[in-house]
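Here is a short report for someone meeting this structure for the first time. Look at the sequence and the model, then read on.

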Amino acid sequence: MKKYIVMECHLSYAVVLDEDGHFLKVANRNYEVGQTVTDVIEMQIPQSLPKEKKTRKWVFSLAAVAASIIMAVTILFQMGQMTFASIYLKINPEVRIDVNRNDVVVGLSGINIDGNELIEGYDYKKKDLNLVIDELLEMAMEKGYLYDGSNITLFLDADSNEWITSHKINLGKHLGEYLKEKITVTIKIISKKQIIIPIDPDDSDYGDSDYDDSDYDDSDYDDSDYGDDNYDDSDYDDSDYDSDSGANDYGD
Amino acid sequence: MRSEHQIVMSVYEAKDDMQKADDLIRDYIPFIRSEASKCISRFCTEQDDEFSIAMIAFHEAILGYEHDRGAFLSYAATLIRNRIIDFQRKEGRHQGVISLNEEIGDDEQTLMDKIADQRDYIKESADLEATRQEIEELSAVMADFGVSFSDVADNSPKQNRTFETCAAAIRYAVENQHLLDKMLKTKKLPLRQLVAGSGAERKTLERHRKYILVMLLIQTNGYEIIRGHLRHALKTKGGMSV
């Protein structure tokens with residue numbers, strides 16, 4: 001058994017010397033200086049808290065901040081890229097122009113074969129909606145799709161009624177000014193919203209008048225057709241309708 | 001809140017100042033005793049080992065406390081509890097041996113043991129007196145160098161390799177007595193010669209300057225009992241040097 005000499009006594013500990021020449025601080029079990037003792041309880045100073053942990057905490061919060069920044073940026077970027085509204089431009093070639101919230105074009109695709117041909121090789125990226133429409137019309141003119149007396153139809157598709165209302169006016173104005181000196185065309189701007197409105201009033205009123213006059217009925221039903229998703233295909237072909245609504249819209 | 005702040009400040013002051021540590025511990029003896037009593041489920045007297053352990057545990061708490069560890073007193077209480085539980089576990093392991101010794105007290109054989117013990121005790125008390133004188137002398141000389149045993153305990157090399165390095169330096173000095181004489185005269189550790197003689201790194205020796213100093217002082221005249229206690233160590237040192 002190891003022997004220790006008690007060298008120094010304090011209130012809470014004693015200093016002892018072992019036989020190998022180690023000085024130790026041990027529990028002072030009523031020792032006195034000079035005493036030889038065998039069983040000592042050595043002082044153990046607790047390890048200081050690992051610094052690592054602190055760094056890790058810090059890294060965690062940094063990572064969290066970084067992750068949220070990345071997420072925020074991603075969301076913002078995606079929102080920029082997100083299609084907010086679509087404009088169907090029909091001359092004879094028909095194309096769909098997708099724009100984001102700021103009217104920057106984020107997508108362009110041909111609806112029919114001519115449409116694909118028209119936009120082939122055209123770079124729409126980061127261009128403004130008006131500019132893209134202008135350039136598309138320009139190209140259509142060059143390729144002979146657009147000429148004096150032809151019709152241009154713009155169908156606006158968006159969830160926001162405000163957007164549709166404001167763009168109906170703005171696009172009409174813009175195209176009117178842009179094409180004024182170049183070519184004479186009929187411009188029709190239509191939208192889903194315009195079609196939905198007539199459906200809103202009570203059916204009963206309409207119902208009465210409908211039953212009276214079956215011929216008139218047909219024209220009324222045009223409206224309800226617009227409500228369908230198939231609107232694009234079927235209604236554009238309907239020349240009666242086009243002339244009616246086109247005149248109305250442009251006046252707005 | 002305010003008192004908590006106060007005690008944390010005293011704890012931080014007591015870390016480096018032994019006097020303040022003692023004062024703080026003395027102020028909290030009732031707390032320490034009550035924590036120890038809780039652990040052994042009876043009143044803890046100052047004669048109990050548990051009390052001594054609780055005292056040193058409180059001291060450990062002072063030295064080991066950091067702001068991150070929460071409130072000081074609850075930290076200290078935990079430490080006291082842990083140390084006492086550790087101790088009781090360790091004692092439990094030796095319980096058979098101890099109880100055997102105590103039970104013998106009723107037998108005839110035990111009387112023999114008791115007598116033997118007594119004789120040992122008388123011899124021991126004489127030894128004790130002599131030893132104490134030696135230590136007091138040594139302590140006085142150390143005071144001239146501005147070193148206390150507590151400093152030395154803190155300065156004692158913990159790692160085996162460091163310990164061996166220091167031992168080599170001490171051995172070299174013992175073999176060259178003039179170094180010891182010079183040290184006593186100049187009150188300075190002849191560090192350069194030790195480095196040159198033992199081939200140890202200066203940084204290592206410098207770090208354990210106080211320890212080496214005391215070990216060398218012990219090798220000077222007049223500390224036969226302590227040297228005798230260290231005989232074992234010297235032998236291994238001698239064996240290693242050859």
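Strand β2 of chain A, residues 13-18, pairs with β3(A) in the antiparallel sense, over five bridges. One residue of that pairing is A:Val16, whose bridge partner in β3(A) is A:Leu24. This is a predicted model.

The pair belongs to an open sheet in chain A. Four strands make up this sheet, in the order β3-β2-β1-β4, with antiparallel pairing. β3 (23-27) and β4 (36-37) of chain A stand at the edges; each has a single partner strand, so one side of each lacks a neighbour in the sheet.

A:Val16 also has a place in the largest nonpolar core, which holds 67 residues. Among the residues that touch the most other members are A:Val16, A:Met7, B:Phe58 and B:Ala54. Helix α4 of chain B, residues 49-64, gives the most to this core: nine residues. Apart from it lies another core of 26 residues, including A:Ile97 and A:Leu156. In soluble globular proteins, nonpolar side chains tend to be buried together.

What does B:Ala54 touch, not counting residues up to four places away in sequence? The contacts are B:Ile32, B:Glu35, B:Ala36, B:Ile80 and B:Ile84.

| Core | Residues | Among its members |
|---|---|---|
| Largest nonpolar core | 67 residues | A:Met7, B:Ile80, B:Ile212 |
| Another core | 26 residues | A:Ile189, A:Ile190 |

Is B:Arg26 buried or exposed? B:Arg26 counts as exposed, because it has 11 C-beta neighbours inside 10 Å. B:Arg26 sits in helix α2 of chain B, residues 18-27. Its C-alpha atom is 9.5 Å from that of B:Met55, 29 residues apart along the chain.

Note on methods: Residues numbered from 1 in each chain as written. Chains lettered and ligands numbered in written order. Predicted model: local features only at pLDDT ≥ 70, side-chain atom pairs only at ≥ 80, totals over all residues. Pairing = 2+ DSSP bridges. Helix = DSSP H or I, 4+ residues; strand = E, 2+ residues; numbered from the N terminus. Buried ≥ 20, exposed ≤ 12 C-beta atoms within 10 Å, placed from the backbone. Core = buried A, V, L, I, M, F, W, Y, C linked by C-beta atoms within 7 Å. Contact = placed C-beta atoms within 7 Å.
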